[in-house]
Amino acid sequence: MLPRTDILARLRETDPAKLEELRRQADAVRRENVGDDVHLRGLIEISNHCRRRCLYCGLRADNARVRRYRMTGDEILASARRAAEFGYGTVVLQGGEDPNITGEWLAEVIRRIKADPATCDLAITLSLGERSEEELALWRSAGADRYLLRFETSNRRLYEKIHPPRSPDAKDRFALLPMLKRLGYEVGTGIMVGIPGQSYNDLVADIELFKKLQPDMIGLGPFLPHPETPLGRESRPAGGDQPSNDEMTTWKMLALTRLACPAANIPGTTALATLNPADAYETSLQWGANVVMPNLTPPEYRRLYEIYPNKADARESAEEFHETWVRRITALGRGVGVGRGDSPSYLQRAAMLMETTMLLSKKTPRISRI
Ligand code: 5AD
């Protein structure tokens, strides 16, 4: 692992030759560890209702300007079928922290996806915010495979400022991540780059936390100011200790994350593509990323899922997105991933668990009933 000072120096690097060296290094580590295939995950934004008031997110409860929607079970299933038709191995069900997405309601949707012959082979990723242990366990047992929960920043003070808690005793994301792992989920996390009040040292600490947690998936994108949020109105020029929320800073973080977590699945994110719709996805794939998440949300809802303004994929239809993607990946000399695309680190963990279970079942003497 790179020492702290080295990570910091690379984050502040401006010499194009040195930056290209970092990119090449991350690209090589990506190729060695997760290969050349790019996995496509169909993103379904199932609800934009949210009970939380995160200071950066356009879906926060206080934003009265959003028209709220929640997809029906049938609509979610229809979008999942599109994913299977396109040959994707995964659907990601993402939404705000919607109290009307109850444990049992979503468990039934998960069971339906897993029972339908057209969609039963899809891995299901959930990204629904901070939920209770009971709900997370229920969804896992209903068939959910993965859970995404970004911690957004490892700086606790900044974390607490931007995430007003729902209740004083609720578990925060740092506590939920290990719990998700214990429940057997493949776990993803991530951060935003250039949050007002974040420092370069915070970004270094983020990389170190990734290294410690070894998540199976890591998503990073630039912070994008949303005018209807408190942080969106708090403008801070980059400079001094405040990192920029630009593409280059995000790419540097992407490359350093790949070096810290060689076996993780790392997507090129929509937030980066929003900064640069022309080629941010391709560039991300050359800076360490190996996953893209085409948006399968029905267009009438997609416009309303405005976590930040001008979201890159708000206009294209699922077909357009899919077709351009296959072309774009092939043009990079990379292949489109087949199958679920589980991360190698998760597969190792699952294999170890299986071995231990088998060993234990062999060694534990049966206790006969008296
Ligand atoms: N800018 C950039 N990313 C954002 N997200 C939410 N709001 C914003 C914003 N204003 C990201 C968060 C969240 C993910 C679903 O979207 O990182 O985890």
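**Notebook: fold and ligand site**

I began with the secondary structure of this predicted model, and I noted that the protein has 14 helices and eight strands. I then looked up the radius of gyration, which is 20 Å and close to the 21 Å that the globule rule gives for 370 residues, so the protein is as compact as a globular protein of that length. For the outline, I recorded that the C-alpha atoms fill a box of roughly 70 × 50 × 50 Å, taken along the principal axes.

Next I turned to the ligand and looked up where it lies, finding that the ligand sits in the largest cavity. I listed the residues around the ligand as Y56, C57, Q94, R150, E152, M192, P222, F223, L224, I307 and Y308.

A nitrogen atom of the ligand lies 2.9 Å from a backbone N or O atom of Y56. On the side-chain part, I found a polar atom of R150 at 2.8 Å from an oxygen atom of the ligand, and I also noted that an N or O atom in the side chain of E152 is 2.6 Å from an oxygen atom of the ligand. Finally I checked how much of the ligand is covered: taken alone it exposes 400 Å², and the protein buries 88% of that.

Technical notes: Residues are numbered from 1 along each chain as its sequence is written. This is a predicted model: local features need pLDDT of at least 70, side-chain atom pairs count only at pLDDT 80 or more; totals for chains, interfaces and linings use all residues. Side-chain values use heavy atoms; hydrogens and water are left out. A residue is near a molecule or strand if one of its heavy atoms lies within 4 Å of it. A polar contact is a pair of N or O atoms within 3.5 Å; within protein, one must be able to donate a hydrogen and the other to accept it, and residues adjacent in sequence count only if both atoms are side-chain atoms. Accessible areas come from the Shrake-Rupley method with a 1.4 Å probe; for residues, only the protein chains shown count as cover. On a 1 Å grid over the protein atoms alone, a cavity is a set of points where a 1.4 Å probe fits but cannot get out, and a pocket is an open set with protein on both sides within 12 Å along at least five of seven lines; lining residues have an atom within 4 Å of a point. A molecule sits in a cavity or pocket if more than half of its atoms lie within 2 Å of its grid points. Helices (H or I, at least four residues) and strands (E, at least two) are DSSP runs, numbered from the N terminus. The radius of gyration is taken over C-alpha atoms; the globule rule is 2.2 Å times the number of residues to the power 0.38.
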